[in-house]
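The following note was prepared for a colleague who wished to review the structure shown here.

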Protein chains: 2
Amino acid sequence: MTEPLFARLAVIGLGLIGSSVTRRALHPTPGQAQPIAGEVVAYDASPAVQARARELGIAHRVAEDAADAVRDADCVMLCVPVGAMGRVAAELLPHMKAGAILTDVGSTKQSVIREIRPLLPDGIAFVPGHPLAGTEYSGPDAGFATLFDGRWSLLTPLEDGDPAAAARVARLWQLCGAQTQEMEPAHHDKVLAIVSHLPHLIAFTICSTADDLEGESRAEVLRFAASGFRDFTRIAASDPVMWRDVFLNNKEALLEMLARFSEDAQALARAIRWGDEAFIVDRIERGRRIRRSLIELNQA
Amino acid sequence: MTEPLFARLAVIGLGLIGSSVTRRALHPTPGQAQPIAGEVVAYDASPAVQARARELGIAHRVAEDAADAVRDADCVMLCVPVGAMGRVAAELLPHMKAGAILTDVGSTKQSVIREIRPLLPDGIAFVPGHPLAGTEYSGPDAGFATLFDGRWSLLTPLEDGDPAAAARVARLWQLCGAQTQEMEPAHHDKVLAIVSHLPHLIAFTICSTADDLEGESRAEVLRFAASGFRDFTRIAASDPVMWRDVFLNNKEALLEMLARFSEDAQALARAIRWGDEAFIVDRIERGRRIRRSLIELNQA
């Protein structure tokens, strides 16, 4: 078999994404062109998560401290909430070897670049990334090796970054089963605001709205949730710290998309109030058209 | 085997719900306590749907006109959009036999009662109903006999209605595989506004918002929809006429729930703008709590 892509890969943060990467790197799929890593070292700031990761056997080694985890690693992947990226990078970078690659999986890219770029020493290439994959579950038990199969992983390389390093990170995601695409960081944040961040904001909100209903109605929301609410709110089970950080770190794009959505919702509400049937049908038809496009794109 | 619940059942409107009822009535499940109907007569105003229903063989007989369909039926079930209920009931009632039961499956109950009650002749019992079941598909091809298995069917009987008729309609839904519950019409409309109508309004709206994005972003919404948007908008594929009518006929409750939701969304937006982490986490935690309750109730 070919040489591994990286002799040693360090994964920092063992939630859904991090523990899926270590699992995939530990167990190449049959027919995979190249192993991702010769050695997979994992680290999580929580001793309980470290212990669980050892029990699960999801890495060759689970380090007890972060410096030890990244020492001699050829690639260090940050899988922590975006609000922690700057702090964690500052802690790790002094212990990384020259020539190593730092990458991340954060859902917001401008904020991560803003925090990490000023910290970068010479000899460390930073390649910001974001695999578009996940479930509503979190933690080291939630990960699985096939999470990235057929999904996209977006890379938002720095303009003055190292193209060879970006190519190696792209290769890592391809070996995880994903397709990759490069994108401007600001454009990434705008697209993700509408395809992911706003839907999560709405799902969390409508759950709160339901939670505020008076006793009997509230119980009946739960009982009769199959009528749309249940599927609609599945994503509301996602990790709180991760999502708090995403909201705070993609504030501008998210608030802009929420403002557009709110205008559109108010326009539909007004049409309902005044019985403007043509407007209502037009909005519904547009929804169906988008859904059909999704189905044609083989995503649904 | 026991006598059928109804000697003749007429189903008016052969969309997802109507054609699922005829399929179930035509093919009792193994072990079913009692057949639903000795004869299943189906009717749809569209000649194309009539022809397709005949091809599919989803009823003993597909009538060519509505009067013929309901003549001698012991139970007539209206499965048309709620905006058409009054008109269709007015057309059919003169042809129904004394002692027959009229029922419906509309998603709004106050409006249907308001329209049908004044039309009722002596000798016809009206039992308003609403099976909480569906998919994002519509039309006679979309129905299937097991659609109602394990679902709820709500009945909102008139205060001066016939309890024996309500019991027979409840029995019909139970034979379809559903659990039944009686509810006040106004309460029904309020609960459905939050568990179904508002999620649909939001799903249609966010699709429109995405559809309005400039060229490249719009294409990328489709490409990267797996990040939440896709599942979140599944219900946006639902039938336009049905949903136009639901929105217009549950206006008060829906606009009230949208107003509450919008206040909650604005409060979360404000917390994001000003970095109120505790508020944000509280909202997310509440969303997760509701989701967990759904899972515990074995609905998810």
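Helices and strands are taken here as DSSP runs, helices of at least four residues and strands of at least two, numbered from the N terminus. In those terms, Asp72(A) is placed in the loop between α3 (66-70) and β4 (75-78) of chain A.

1. The structure is a predicted model. Its scores are ipTM 0.90 and pTM 0.91. For chain A the mean pLDDT is 94, and 99% of the residues of that chain reach 70 or more.

2. Asp72 in the two chains. The phi angle of Asp72(A) is near 65°, which is a positive value in a residue other than glycine. Asp72(A) counts as partly exposed because 14 other C-beta atoms lie within 10 Å, a count between the limits of 12 or fewer for exposed and 20 or more for buried. In chain B, Asp72(B) likewise lies in the loop between α3 (66-70) and β4 (75-78). Phi of Asp72(B) is near 70°, again positive in a residue other than glycine. Asp72(B) is partly exposed, with 14 other C-beta atoms within 10 Å.

3. Domains of chain A. The domain assignment divides chain A into domain 1 (6-183) and domain 2 (187-296). The C-alpha centres of these two domains of chain A lie 31 Å apart. Their contact takes 15 residues from domain 1 of chain A and 17 residues from domain 2 of chain A. On the domain 1 side, the residues that touch domain 2 of chain A comprise 4 nonpolar, 9 polar and 2 charged.

4. The interface between the chains. How many residues of chain A are in contact with chain B? There are 78 in chain A, and they meet 78 residues of chain B. Helices α7 (185-211), α8 (215-223), α9 (229-232), α10 (240-249), α11 and α12 of chain A each supply at least two residues to the side that touches chain B. The most comes from α7(A), with 20 residues. By class, this side of chain A has 45 nonpolar, 14 polar and 19 charged residues.

5. Helix α11 of chain A. This helix has 24 residues and reaches 34 Å from its first C-alpha to its last, close to the 34 Å expected at 1.5 Å a residue. Its buried residues include Leu254(A), Met257(A), Leu258(A), Phe261(A), Ala265(A) and Leu268(A), and also Lys251(A), Arg260(A) and Asp264(A). What covers the buried residues of α11(A) includes α7, α10 and α12 of chain A, together with α7, α10 and α11 (251-274) of chain B. After α11(A) comes Gly275(A), whose phi is positive, near 70°.

6. Helix α12 of chain A. Helix α12 (residues 277-296) of chain A has 20 residues and spans 28 Å from first C-alpha to last, close to the 28 Å expected at 1.5 Å a residue. Among its buried residues are Arg283(A), Arg286(A), Arg288(A) and Arg291(A), as well as Ile280(A), Ile284(A), Ile290(A) and Leu294(A). Covering the buried residues of α12(A) are, among others, α11 (251-274) of chain A and α7 (185-211), α8 (215-223), α9 (229-232) and α10 (240-249) of chain B.

7. Leu213 of chain B. Where does Leu213(B) lie? Its place is the loop between α7 and α8 of chain B. Leu213(B) counts as partly exposed because it has 17 C-beta neighbours inside 10 Å. With neighbours within four places in sequence left aside, Leu213(B) is in contact with Ile194(A), Arg218(B) and Val221(B).

8. The nonpolar core. The largest nonpolar core has 205 residues, and those with the most contacts inside it are Leu9(A), Ile12(A), Val76(A), Leu9(B), Ile12(B) and Val76(B). Apart from neighbours within four places in sequence, Val76(A) is in contact with Ala10(A), Ile12(A), Val70(A), Leu92(A), Met96(A), Ala100(A) and Leu102(A).

9. Two further positions. Thr146(A) is in the loop between β6 (125-131) and β7 (152-155) of chain A. Thr146(A) is partly exposed, since 14 other C-beta atoms lie within 10 Å. The C-alpha atoms of Thr146(A) and Arg23(A), 123 residues apart along the chain, are separated by 8.8 Å. In chain B, Arg52(B) belongs to helix α2 (residues 47-56), and with 18 C-beta neighbours inside 10 Å this arginine, Arg52(B), is partly exposed.

How values were computed
Residues numbered from 1 in each chain as written. Chains lettered and ligands numbered in written order. Predicted model: local features only at pLDDT ≥ 70, side-chain atom pairs only at ≥ 80, totals over all residues. Expected span 1.5 Å × (residues − 1). Contact = placed C-beta atoms within 7 Å. Core = buried A, V, L, I, M, F, W, Y, C linked by C-beta atoms within 7 Å. Nonpolar A, V, L, I, M, F, W, Y, C, P; charged D, E, K, R; others polar. pLDDT = per-residue confidence, 0-100. Domains from an automatic or database assignment.
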